Amino acid sequence: MYNLSCYNPDSFILVGIPGLEKFHIWIGIPFCIIYVVAIVGNCILLYLIAVEQSLHEPMFFFLAMLASTDLILSTATVPKLLSNVWLKTKGITFSGCLTQMFFLHFSFVVDSAILLAMAFDRYVAICFPLRYNTILTPQVIIKLVVSIVVRSFSVILPDVFLLKRLPFCGTRIIPHTYCEHIGVARLSSADISINIWYGFAVPLMTVISDVIFITISYTFILRAVFQLSSRGARQKALTTCGAHVCVILMFYTPAFFSILAHRFGHSVPRHVLILFDNLYVAIPPALNPIVYGVKTKQIQEKFILLFSLKEMQ
């Protein structure tokens, strides 16, 4: 029998980056810059898509969703990291820890689903160009958005209840900069086998299924592209997918590397893993709007027009 207070701990302590305490102030500087770039870049992207009528297309609607989710992902983790390394506010309430964990994992699964939706959008645009507007109608897009949110919510919400059922009578010190499901569960003295199986298997299988369907979509896209007779048409079709492929690689490559490093990289120093975890949740939200700004002609033109008008005023 556990004391009732074990089930409702007041707070946890986020250590930060163990072993690099004397460098914490300097570590915070690049993360602050990256976070500011992410906020400014994604807000500009959302503004352009909202005010420009020519960007009111399915592809840019999914891009706006991606920008919104990236804002949630970076805001769920980076501000707490900065307060930890600069202000030494290492405490976090139990409810605050659960909230941070939920939005961290939720935004990750949503991001993955949005990338799948964007792959489907490119598949329809290239393989069925004449039927694009009849297939991706506003009603279909709304159904896709609802299914993305409901699926992600349903997958991640059980994590909260799996943690709330656990007693935390021992140490409440988390050797990390943010709360994540398995890391918090390991502080409990109870059996956490359900947490481990669900925490790894269900979200991982969800993301892997997204990767499989994205790969299938791009297999059909490439087959359709290389059947085009004109070299210019092939180049144009591949260019429209360039930004999306870059974002896919930036999202999934470090994600799977992080999973493999935590699972098999026992010789890797812990502070290296924690630094990589933080870079992974900070850098993609900052780079995504830059990639789409550089690779997408419509956004590039509207961005230049926006700032040229401000300079004229």
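**A walk around helix α3**

Let's begin with the sheet: three strands, in the order β2-β1-β3, form an open sheet with mixed pairing. Its edge strands are β2 (91-93) and β3 (173-174), each pairing on one side only. Strands here are DSSP runs of E with at least two residues, helices are runs of H or I with at least four residues, and both are numbered from the N terminus. Two strands pair if DSSP finds at least two bridges between them.

Please keep in mind that this is a predicted model, in which local features need pLDDT of at least 70 and side-chain atom pairs count only at pLDDT 80 or more, while totals for chains, interfaces and linings use all residues. Residues are numbered from 1 along each chain as its sequence is written, and side-chain values use heavy atoms, leaving out hydrogens and water.

Back at the sheet, strand β1 (residues 11-14) runs parallel to β3, and two bridges join them. Ile-13 stands opposite Ile-173 in β3. Helix α3 packs on this sheet, touching β1, β2 and β3, and its direction makes about 85 degrees with that of β2. Contact means heavy atoms within 4.5 Å. Axes are lines fitted to C-alpha atoms, for helices over the stretch in contact, and angles run from 0 to 180 degrees between N-to-C directions.

Now follow α3 to its helical partners. Helix α3 (residues 94-127) packs with helix α7 (residues 193-225) at an angle of about 15 degrees, their axes 9 Å apart. The two are therefore roughly parallel, a term for angles under 35 degrees, while those over 145 count as roughly antiparallel. Their crossing is left-handed, meaning that the near helix is turned anticlockwise from the far one by less than a right angle; clockwise would be right-handed. Among the residues that meet are Phe-108 and Leu-116 in α3, and Phe-213 and Ile-221 in α7. By class, this contact of α3 with α7 has 18 nonpolar, three polar and two charged residues. Ala, Val, Leu, Ile, Met, Phe, Trp, Tyr, Cys and Pro count as nonpolar, Asp, Glu, Lys and Arg as charged, and the others, Gly among them, as polar.

With helix α5 (residues 138-164), α3 packs at an angle of about 155 degrees, with axes 9 Å apart. That makes α3 roughly antiparallel to α5, and the crossing is right-handed. The contact includes His-105 of α3 and Arg-151 of α5; by class it has 17 nonpolar, two polar and three charged residues.

Note on methods: Parallel < 35°, antiparallel > 145°, perpendicular 65-115°, else oblique.
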